[in-house]
Amino acid sequence: MIRRGVAIAAAVLLSGCATSSLVLLPDDEGHQGAVAVLESGGAPTDAVIAEGNSRTKLGTKTPVAKPLGSNGLKKQEAALLTVLPPPAKSFLLYFEQGTTTLTPQSAMVLTSLRQEIASRSGPEVEVIGHTDTVGGEDDNDRLSMNRAEEVLTWLASQGFDRSMMSAVGRGERQLMQPTLDNVDNPANRRVEVIVR
Amino acid sequence: MLRFSLTLGVLALVAASPVAAEIARIKQSSGIALVERNAQRLKAAPGLQLLAGDRLVTGKDGRMSLTFIDNTRFAVGPNSQVSVSEFQYDRTRQKGSFVTKVDRGSLAIVSGRIAKSDRDAMKVRTPNSLLGVRGTKFIVAVPK
């Protein structure tokens with residue numbers, strides 16, 4: 001029995017250097033997601049770790065989550081979390097019917113959009129144009145692309161390099177408010193800008 | 001003129017990898033922080049675009065952070081070796097698959113749209129386990 005204990009301790013020591021672990025946390029909005037342990041120590045498992053603020057040793061047959069407890073995160077874990085980039089932020093800009101002209105309210109959003117991009121390190125900007133269902137599909141594909149290009153050109157004029165930005169037009173295929181064909185709808189005439 | 005030379009620089013990058021598309025971008029780095037791509041070793045400078053298959057390597061005091069095009073965010077800790085072995089993402093349908101290998105060190109992840117798109121569409125492999133990410137924030141540590 002003692003011998004067996006020693007053997008196990010030795011095995012833990014040998015593999016101890018390679019024992020990976022999982023720390024599960026609630027996301028920034030306070031929601032708790034889960035991580036499934038699909039394989040552990042070479043064998044499939046059906047363990048699902050769903051306890052927030054828990055630590056799980058990986059590599060064992062049946063991985064079990066333990067609460068972080070009063071010690072909380074290790075110092076280097078807490079430090080690592082501070083390195084995470086800020087979440088992506090999305091802006092919506094609206095347009096006048098059939099044009100690439102921003103509504104007056106949306107023109108004011110441009111300032112906060114510019115500030116958001118300028119505040120980020122290594123930013124990536126995705127610009128996605130949309131239309132309402134007035135007009136033909138081909139025309140709307142073109143119009144949505146032109147709207148996206150309009151925003152991208154404005155951003156470039158503010159000093160942002162085009163290599164950090166991309167623009168696509170999705171025409172009338174992704175309506176914000178579903179409508180019948182040929183319906184004038186201000187909410188659908190939009191460009192979404194995602195800043196990462 | 002400055003713009004012209006910048007454009008040339010981008011063209012040169014594109015020419016070096018004709019079919020590859022950007023999957024993520026480096027946000028910040030400190031200490032020794034490199035991106036290994038085939039035989040190349042690139043400094044993980046802010047704005048560097050990553051491709052599927054890239055390997056993230058940090059030294060003793062190294063760290064780097066990055067954001068993927070599906071909004072997944074990574075922070076790589078010191079003494080780490082992390083590979084993005086698979087990354088496919090359809091921006092229009094917001095679906096894809098994503099496999100990351102943590103061979104050594106530590107990685108904090110806030111998952112994005114791929115993890116939400118299908119069950120276990122995002123996986124993380126360590127030397128002794130395979131994890132299926134179901135929309136969350138977590139740290140994986142693989143000591144040396």
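The contact between the two chains takes 37 residues from chain A and 39 residues from chain B, two residues being in contact if their C-beta atoms, placed from the backbone, lie within 7 Å. This is a predicted model, in which local features need pLDDT of at least 70 and side-chain atom pairs count only at pLDDT 80 or more, whereas totals for chains, interfaces and linings use all residues. Residues are numbered from 1 along each chain as its sequence is written, while chains are lettered from A and ligands numbered from 1 in the order in which they are written.

- On the side of chain A that touches chain B, the elements giving two or more residues are β1 (21-25), β2 (34-40) and α2 (75-83) of chain A; helices (H or I, at least four residues) and strands (E, at least two) are DSSP runs, numbered from the N terminus.
- β2(A) gives the most to this side, with seven residues.
- By class, the side of chain A that touches chain B has 20 nonpolar, eleven polar and six charged residues. Ala, Val, Leu, Ile, Met, Phe, Trp, Tyr, Cys and Pro count here as nonpolar, Asp, Glu, Lys and Arg as charged, and the others, Gly among them, as polar.
- β1(A) pairs in the antiparallel sense with strand β12 (residues 137-142) of chain B over five bridges; two strands pair if DSSP finds at least two bridges between them.
- A:Leu25 stands opposite B:Lys137 in β12(B).

**Four-stranded sheet of chain A**

- An open sheet of chain A is formed by four strands in the order β6-β9-β7-β8, with mixed pairing.
- β6 (89-94) and β8 (165-169) of chain A stand at the edges with a single partner strand each, so one side of each is left without a neighbour in the sheet.
- From one strand to the next, the twist averages 15°; axes are lines fitted to C-alpha atoms, for helices over the stretch in contact, and angles run from 0 to 180 degrees between N-to-C directions.
- Strands β7 (residues 125-129) and β9 (residues 190-195) of chain A pair in the antiparallel sense over five bridges, and A:Ile128 stands opposite A:Glu192 in β9(A).
- Helix α3 (residues 104-118) of chain A packs on the sheet, touching β6, β7 and β9 of chain A, and its direction makes about 155° with that of β6(A).
- Helix α4 (residues 137-157) of chain A also packs on the sheet, where it touches β6, β7, β8 and β9 of chain A; the direction of α4 makes about 160° with that of β8(A).

**Individual residues**

- A:Asp139 is found in helix α4 of chain A and counts as partly exposed, with 14 C-beta neighbours inside 10 Å. A residue is buried if 20 or more other C-beta atoms lie within 10 Å of its own, exposed if 12 or fewer, and partly exposed in between, with C-beta atoms placed from the backbone.
- A:Asn53, in the loop between β3 (43-49) and β4 (54-57) of chain A, has a positive phi near 50°.
- B:Asn71, in the loop between β6 (63-68) and β7 (73-76) of chain B, has a positive phi of about 80° although it is not a glycine.

**Chain B as a whole**

- The secondary structure of chain B comes to two helices and twelve strands, following the pattern α-β-β-β-β-β-β-β-β-β-α-β-β-β along the sequence.
- Of the 144 residues in chain B, 47% are buried.
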